[in-house]
Amino acid sequence: MNKDQYIASLRKLNLKVYLFGKLVENPVDHPMIRPSLNSVAMTYELAEQEEYKDLMTATSNLTGKKVNRFCHLHQNTEDLVKKVKMQRLLGQKTASCFQRCVGMDAFNAIYSTTFEMDAKCGTEYHKRFTEYMKFVQENDLVVDGAMTDPKGDRSLSPSKQEDPDMYLHIVEERKDGIVVRGAKAHQTGAVNSHEHLIMPTQAMKEEDKDYAVSFAVPSDAEGVFMIYGRQSCDTRKLEEGADIDLGNSEFGGHEALVIFEDVFVPWERVFMCKEWEFAGMMVERFAGYHRQSYGGCKTGVGDVLIGAAALAADYNGAAKATHIKDKLIEMTHLNETLYACGIACSAEGCKTAAGNYQIDNLLANVCKQNVTRFPYEIARLAEDIAGGLMVTMPSEADCRDAKLGPYVKKYLKGVASVSTENRLRVLRLIENITLGTAAVGYRTESMHGAGSPQAQRIMIARQSNLELKKALAKKIAKLKEQK
């Protein structure tokens, strides 16, 4: 699809989206939602441009046809590297979350997991999922990869929760399919998606087997509805004529709580049904792919933030100050370190039994561990360079007012060669990324998306191979084994 066809395809869906306690009649054109749709549309727009086709498209191993890379199964390490480069490009173009990464990462995790599940269990999930992937690729769909359950009491397993619906689960098996109930939380881009692709949220034990489920349903399926998540400064988008105050008026991201109220799923769209031993494999593989993703998307948004901070320094007349130069160097150093980890875990990837490629899991977890820290420091330095005016400037309405506007322009002027409006615009952009609506994707998502910091540290500990490192040290030190 191209950008216009994508937008038209969303209009055809009968989505049930609630915002501020009311059903949204037209999610596509709602002023709070539309910027996030524009970000997704960019993934289609760039795929049509000749200079970006190498990054934005790939040849399907299933059909031999050209597909959007967001619908692709990685066939080599070059595909993994191009994925990260594509994500950085889109971060640079939108300065926000473009929402298709989770689906892409889910595709690759489920594809390899179902292959190994079938080999052990004699099931036919891989065949089903391959047919589903052909459908997704042929129609160039946006798919909401959904893993995170509300979880309730974290000290209790899924089957021990007081409310069994705190983890999405199977409530009925029928001849023609299954019925599921529960919810998926923090779902990035859910309202802009054609499909929901569900995965279990953690490794399971046998008593939790009803929660070991993976399937796909249309986003407007019967029994599915979404409650739109609030973001800092989000109602600015509802203000008449809002532009400067938005910081980023064209692009954005969103999350939603997706409810599954006794949703029927036909067997051909079920990719795991109580095979609890494989839940952990699917989770771990998805997490690895998604932790790789952060080395691309966060770096692209970081590029925009660094550029905005440098402009703020120019407009403040502080660009030549040594400490300002040093802070911009540090921001660049941190940003490129994130990117280096994303590229490294891609270049060190390996082939799965199913034939698609998996990243190096240790390096992917190191990448995401850095992402839980570095964007916060980059944002801190950006706020430092911007100055206090970023959060004390008058509103856009004051700037436009016949009486007040001249005072705003007079007293909030920086260097003489730059208009006051341009100075305020770049400060609003920094505010948007560090404190406003885009801070969801750049800051808090950097902490908790693809697993919170401790999840990466657990994986790093598992894969650090300390015994090998001890053996290396023993050999160099010529240690003698004690009897």
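A salt bridge is taken here as a side-chain nitrogen of Lys or Arg within 4 Å of a carboxyl oxygen of Asp or Glu. In this predicted model, the side chains of Asp140 and Arg100 form such a pair, with an N to O distance of 3.2 Å. The two residues are 40 positions apart and belong to distant parts of the chain: Asp140 sits in the loop between helix H6 (125-139) and strand E5 (143-146), and Arg100 in the loop between helix H4 (77-94) and helix H5 (101-121). Asp140 and Arg100 are both buried.

The structure contains 36 salt bridges. The salt bridge between Arg34 and Asp29, by contrast, joins two partly exposed residues: the closest N and O atoms are 2.9 Å apart, the relative accessibility of Arg34 is 23%, and that of Asp29 is 37%.

The protein chain comprises 17 helices and 14 strands. Its radius of gyration is 24 Å, close to the 23 Å given by the globule rule for 483 residues, so the chain is as compact as a globular protein of that length. Along the principal axes, the C-alpha atoms fill a box of roughly 75 × 70 × 50 Å. Of the 483 residues, 54% count as buried. Among contacts between residues at least 6 apart in sequence, 77% join residues at least 24 apart.

The largest nonpolar core has 66 residues, and Phe129, Leu197, Phe215 and Phe260 touch the most other members. Helix H5 gives the most to this core, contributing 7 residues. A second, separate core holds 40 residues, among them Tyr315, Met390, Val408 and Leu424.

Apart from neighbours within four places in sequence, the contacts of Leu197 include Ala106, Phe107, Ile110, Phe129 and Tyr132. Val143, Asp144, Gly145 and Ala146 are also in contact with Leu197, as are Phe215, Ala216 and Phe271. Leu197 belongs to strand E8 (residues 195-198), which is covered on both faces. Side chains in a regular strand alternate between the two faces of the sheet. In E8, Glu195 and Leu197 are on one side, His196 and Ile198 are on the other, and all four are buried.

Strand E8 is paired with two strands. With E5 the strands run parallel and are joined by 4 bridges; here Val143 stands opposite Glu195. With strand E9 (residues 213-218) the strands run antiparallel, again joined by 4 bridges, and Leu197 stands opposite Ala216.

A further sheet is open and has 6 strands in the order E2-E1-E10-E11-E7-E6, with mixed pairing. Strand E2 (22-23) and strand E6 (169-174) form its edges; each has a single partner strand, so one side of each is left without a neighbour in the sheet. The partner of E2 is strand E1 (residues 17-19), which runs antiparallel to E2 and is joined to E2 by 2 bridges. Within this pair, Tyr18 has Leu23 in E2 as its bridge partner.

The loop between H4 and H5 also holds Ser96. The relative accessible area of Ser96 is 9%, and Ser96 is therefore buried, the limit for that class being under 20%. The side chains of Ser96 and Ser39 make a polar contact of 2.9 Å. Leaving aside neighbours within four places in sequence, Ser96 is in contact with Ser39, Gly91, Phe251, Gly252, Gly253 and Val301.

Note on methods
Residues numbered from 1 in each chain as written. Predicted model: local features only at pLDDT ≥ 70, side-chain atom pairs only at ≥ 80, totals over all residues. Heavy atoms only, no water. Buried < 20%, exposed > 50% of the residue type's maximum accessible area, 1.4 Å probe, protein only. Core = buried A, V, L, I, M, F, W, Y, C linked by side-chain atoms within 4.5 Å. Contact = heavy atoms within 4.5 Å. Pairing = 2+ DSSP bridges. Polar contact = N/O pair within 3.5 Å; in protein donor to acceptor, adjacent residues only side chain to side chain. Rg over C-alpha atoms; globule rule 2.2 N^0.38 Å.
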